[in-house]
Amino acid sequence: MSIQGCTAMARKRICWLGLLLICLAAETAHAEQQQTTVTAPSSFPYADSNGLKIVREARPAQPFSVVGPRGALLGGQDGHFEAWVFPWKIFTNMRISARMQNYAVPIDVNNHAAEIEVHANETTIVYSHANFTIRQIMMAPKSGPVNEGVLVLYQIEAIHPMTLTFSFDPVMQQMWPAPSDDRPSPEWVPSGNGSGYYIFHLNFPDHAAALALPGAQPGI
C-alpha cells in the first residue's frame with residue numbers, strides 16, 4: 001500500500017509533512033470515522049533540538065529504535081521502519097520513493113540515507129540527493145491525546161517539483177502471546193480538504209488504527 005504527497009519547491013524552500021499514527025477503540029472507531037476526521041497537522045511549530053546529540057554516517061545494515069511509553073518506531077538506518085501503538089504493531093516496511101519533474105525514473109529515497117542524528121527526544125535520518133534533502137524526524141510522544149502513538153515529521157527541500165510515495169505493509173498484530181487476526185482491511189476515508197487518511201479494520205471488533213499525512217492521496 002502507499003500514500004502519495006506532492007511538493008513543488010524552489011531551492012532553499014522548505015516544506016513540512018507530518019505522519020500521524022493513532023489507535024482507535026473499536027466500539028467507537030466507526031462512529032469516529034463518520035463524525036470526525038483524522039488529520040495530521042499541515043503546519044506546526046518545530047525547533048531543532050539544541051541539546052546533546054550523536055551524529056554519524058547512516059549504516060543501512062544497523063538498526064535504530066525510537067521508543068516511548070505509548071508507541072515505538074523500529075527500523076534500519078536506511079530509514080525504513082515499522083510502527084507500534086502499544087500493544088499493536090500497525091504497519092511495517094515504511095519506505096519512500098520520489099518522482100521528479102522531467103525525470104521519468106523513480107528514485108528510491110531510502111538508498112540515499114546519508115546521516116543519522118540521535119537526540120534525547122527524537123531521532124532523525126537525513127536523505128541526501130542532488131535534487132533534494134529530506135529529514136525524517138521520528139518521535140514517540142510522552143504527552144498529548146491518549147490514543148496518539150507515534151509521529152514522524154518530514155522536512156523536505158528540493159530544487160525541482162517532485163511527488164513522494166510512502167509505501168508500507170499494514171499488519172495490525174498484537175504483541176505475543178495475544179491472538180492476532182488476519183491482515184487488516186484498509187479503507188481510504190476522504191476528508192473535506194481534498195486529502196484523507198487510511199483506517200485499518202480487523203475481523204476482531206476490538207481495535208482499528210488510522211494513518212494520516214496532510215495533503216496525501218491514496219496509492220496502490
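Visitor: Does asparagine 102 count as buried or exposed?

Guide: Asparagine 102 counts as exposed, at 77% relative accessibility. Buried means under 20% relative accessible area, exposed over 50%, and partly exposed in between, with a 1.4 Å probe and protein chains only. Please note that this is a predicted model, in which local features need pLDDT of at least 70 and side-chain atom pairs count only at pLDDT 80 or more, while totals for chains, interfaces and linings use all residues. Residues are numbered from 1 along each chain as its sequence is written, and side-chain values use heavy atoms, with hydrogens and water left out.

Visitor: Where does asparagine 102 lie, and what is its phi?

Guide: Most residues other than glycine have a negative phi, and most peptide bonds are trans. Asparagine 102 has a positive phi, near 65°, and lies in the loop between E7 and strand E8 (103-108). Helices (H or I, at least four residues) and strands (E, at least two) are DSSP runs, numbered from the N terminus. Methionine 172 also has a positive phi, near 55°. Methionine 172, however, is found in strand E13 and counts as buried, at 0% relative accessibility.

Visitor: Which peptide bonds are cis?

Guide: Proline 87 is in the loop between strand E6 (81-85) and E7. The bond from tryptophan 176 to proline 177 is likewise cis, with omega near 10°. Proline 177 sits in the loop between strand E13 (162-174) and strand E14 (185-190).

Visitor: How many helices and strands does the protein have, and what percentage of its residues is buried?

Guide: The protein has one helix and 17 strands. Of its 220 residues, 47% are buried. Contact means heavy atoms within 4.5 Å. Among contacts between residues at least 6 apart in sequence, 59% join residues at least 24 apart.

Visitor: How many residues has the largest nonpolar core, and which of them have the most contacts inside it?

Guide: A nonpolar core is a set of buried Ala, Val, Leu, Ile, Met, Phe, Trp, Tyr and Cys residues joined through side-chain atoms within 4.5 Å. The largest has 42 residues, and Phe81, Ile134 and Met162 have the most contacts inside it. Strand E7 (residues 88-100) supplies the largest share of this core, seven residues. A second, separate core of six residues includes Tyr197, Ala208, Ala210 and Ala212. Leaving aside neighbours within four places in sequence, isoleucine 134 has contacts that include Val109, Ile125, Tyr154, Met162 and Leu164.

Visitor: How many aromatic pairs are found in the whole structure?

Guide: Rings of Phe, Tyr and Trp (its six-membered ring) pair if their centres lie within 6.5 Å; planes under 30 degrees apart count as stacked, over 60 as edge-to-face and the rest as tilted. A search of the whole structure finds seven such pairs. One of them, phenylalanine 91 with phenylalanine 168, is tilted, at 5.4 Å centre to centre and 50° between the planes. This pair links distant parts of the chain, with phenylalanine 91 in strand E7 and phenylalanine 168 in strand E13, 77 residues apart. Both phenylalanine 91 and phenylalanine 168 are buried. Phenylalanine 168 also forms an edge-to-face pair with tyrosine 198, at 6.0 Å centre to centre and 75° between the planes. Phenylalanine 168 lies in strand E13 and tyrosine 198 in strand E15 (residues 196-201), so this pair ties together parts 30 residues apart in sequence. One aromatic cluster is formed by Phe81, Phe91, Phe168, Trp188, Tyr198 and Phe200.

Visitor: What volume has the largest pocket?

Guide: Rolling a probe the size of a water molecule over the atoms shows where empty space is left. On a 1 Å grid over the protein atoms alone, where a 1.4 Å probe fits, a pocket is an open set of points with protein on both sides within 12 Å along at least five of seven lines; lining residues have an atom within 4 Å of a point. Here the largest pocket has a volume of about 350 Å³. Of its 21 lining residues, the closest to the centre are Val66, His119, Ala120, Glu122 and Thr123.

Visitor: Which strand gives the largest share of that lining?

Guide: The largest share, five residues, comes from E4.

How values were computed. Points joined across faces, edges and corners; volume = space filled by probe spheres on them.
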